[in-house]
Amino acid sequence: LSHVFQRMKITRLFLQFLFVGVLAIGLQVSAQAQSPTAHGNEWIDYNKTYYKLKVVNTGLHRLSYGFLDSLGLAGTNPQHFQLFRRGKEVAIHVAGEADGRLDGEDFVEFYGERNDGRLDQDLYKNPAHQPHQLYSLYTDTAAYFLAINPAGGKRMQQVNPSPAGKTPEPYVLQKVTQFFTNVYTEGQTHGALTKSLLSWMDQGEGYLSAPYLRSQNLIVSAVANKSTSGSKPMLEIGLVGANANTQSGVVNVVTTSGTRQVAQFQFGGYGFQSAKGELELTDIAANNTVTIQLIPNAGQSSSVRVAYIRITYPQRTELLGNSMLIFTDSTQSVNPYFNISGTTANTIAYDASDPYNPIRIEGHVAGNNKGFVVQTQARSHKILIANSLKPFKALSKVEVLRFRNIKANEHNYIIVTNR
């Protein structure tokens, strides 16, 4: 019976999610023109065609001339290209657009991010009960919409500050996040006898680890290429209560010499807490792993699930693969200069701190490396370092859409279905 109930609940959640999505992009109430409230569809021009691009990777994406030609856009003035995500325009880079003609070597370049859990918050009765927004409960695929606007679209700001007189930074900051999603838990129950579940999502609900009542070792992998000259690594572990009891306990790091406490936690039943602590560089093992030990308080019958573990640590200034995301250290130099090894002349940096307005940094060749000055204003920035000749390519299946303008005063009801 519990399995049947769970399937019914998931179906209701899907319908709620679909309903929220339809409202966000398609429903326009008659009073909208007089109301300052945003409904989520303000970006849509119902007279235009939109090309839905599916993005499953975070990083640099390119739409080549051949790809655009396959959409029937070869005759389009490239100055007219626009890109949208979640109702906001995304600044793009369009190579060769100055002549107003789309040539064979021209392309559209944009910074894209895979889907996260931000939209899932509307499924919770209380949005504050969503444990985190790092991971989507439904899909890792994000939707970007390409459009044509004769008035033109947003373009990436392009900067290239000189590194003259600057000393290269000895390290960058890297973040490795490991998600624990092997169990879907229904969360808080209501009523001592019935133990009922809300049709809305509730406290403690989502994809999490199994419940831990006693000591459990958890291994975080791919903590690679650490720098020995940087700041101390930081631990963040997201914990969710698995029962109605008070949840408390300690978090240790396991090393070759034993264990050491780095954090502790205490929160209410079915609640959430992000426990944080400081690590040592020596806690990162030679095989690029960090072992974390979770010890719930058995005396309180604490039972906790793990949502994620994140390790932030100093990494050598070296490009691993075709691209990587790095972070600047706000405690170090303002407007730092990074001399990145493993790069080529085609490697470009993108300040993606604001994903809707990325800044393109061409960089300066320095021997076999390439260097970039990042204008940070004394705060941490998220930077993409990428080989511009090896970007992610758009998925071949593109949906061509004309949105329907649904006017509420012309209809009596709306039917939403997953069939």
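Let's start with Glu 113 and Lys 382, which pair up in a salt bridge whose closest N and O atoms sit 3.0 Å apart. This is a predicted model, so read that distance as a computed one. The pair links distant parts of the chain: Glu 113 belongs to the loop between β7 and β8, while Lys 382 is in strand β26 (residues 382–387), 269 residues apart. Glu 113 has a relative accessible area of 13%, and because the cut-off for buried is under 20%, Glu 113 counts as buried.

Zoom out, and a search of the whole structure turns up 16 salt bridges. Some of them share partners, and in that way Arg 62, Glu 109, Arg 360, Glu 362 and Lys 370 are joined into one network.

Now go back to the loop between β7 (107–112) and β8 (142–148), which also holds Asp 116. Its partner is Arg 86, with the closest N and O atoms 2.8 Å apart. How exposed are the two ends? Asp 116 is partly exposed, at 22% relative accessible area, and Arg 86 is partly exposed too, at 24%.

For another pair, look at Asp 99 and Arg 101, a salt bridge with its closest N and O atoms 3.3 Å apart. Asp 99 comes out as partly exposed with a relative accessible area of 41%, and Arg 101 is partly exposed at 48%.

Sorted by class, the lining of the largest cavity splits into 8 nonpolar, 4 polar and 2 charged residues.

The second largest cavity holds about 60 Å³ of space. Its lining includes Glu 169, Tyr 171, Val 172 and Leu 173 from one part of the numbering, along with Phe 327, Thr 328, Asp 329, Gln 332, Ser 333, Pro 336 and Phe 338. By class, the lining of the second largest cavity has 6 nonpolar, 3 polar and 2 charged residues.

Note on methods: Residues numbered from 1 in each chain as written. Predicted model: local features only at pLDDT ≥ 70, side-chain atom pairs only at ≥ 80, totals over all residues. Heavy atoms only, no water. Nonpolar A, V, L, I, M, F, W, Y, C, P; charged D, E, K, R; others polar. 1 Å grid on protein atoms, 1.4 Å probe; cavity = no way out; pocket = protein on both sides within 12 Å on 5 of 7 lines; lining within 4 Å. Points joined across faces, edges and corners; volume = space filled by probe spheres on them. Salt bridge = Lys/Arg side-chain N within 4 Å of Asp/Glu carboxyl O. Helix = DSSP H or I, 4+ residues; strand = E, 2+ residues; numbered from the N terminus. Buried < 20%, exposed > 50% of the residue type's maximum accessible area, 1.4 Å probe, protein only.
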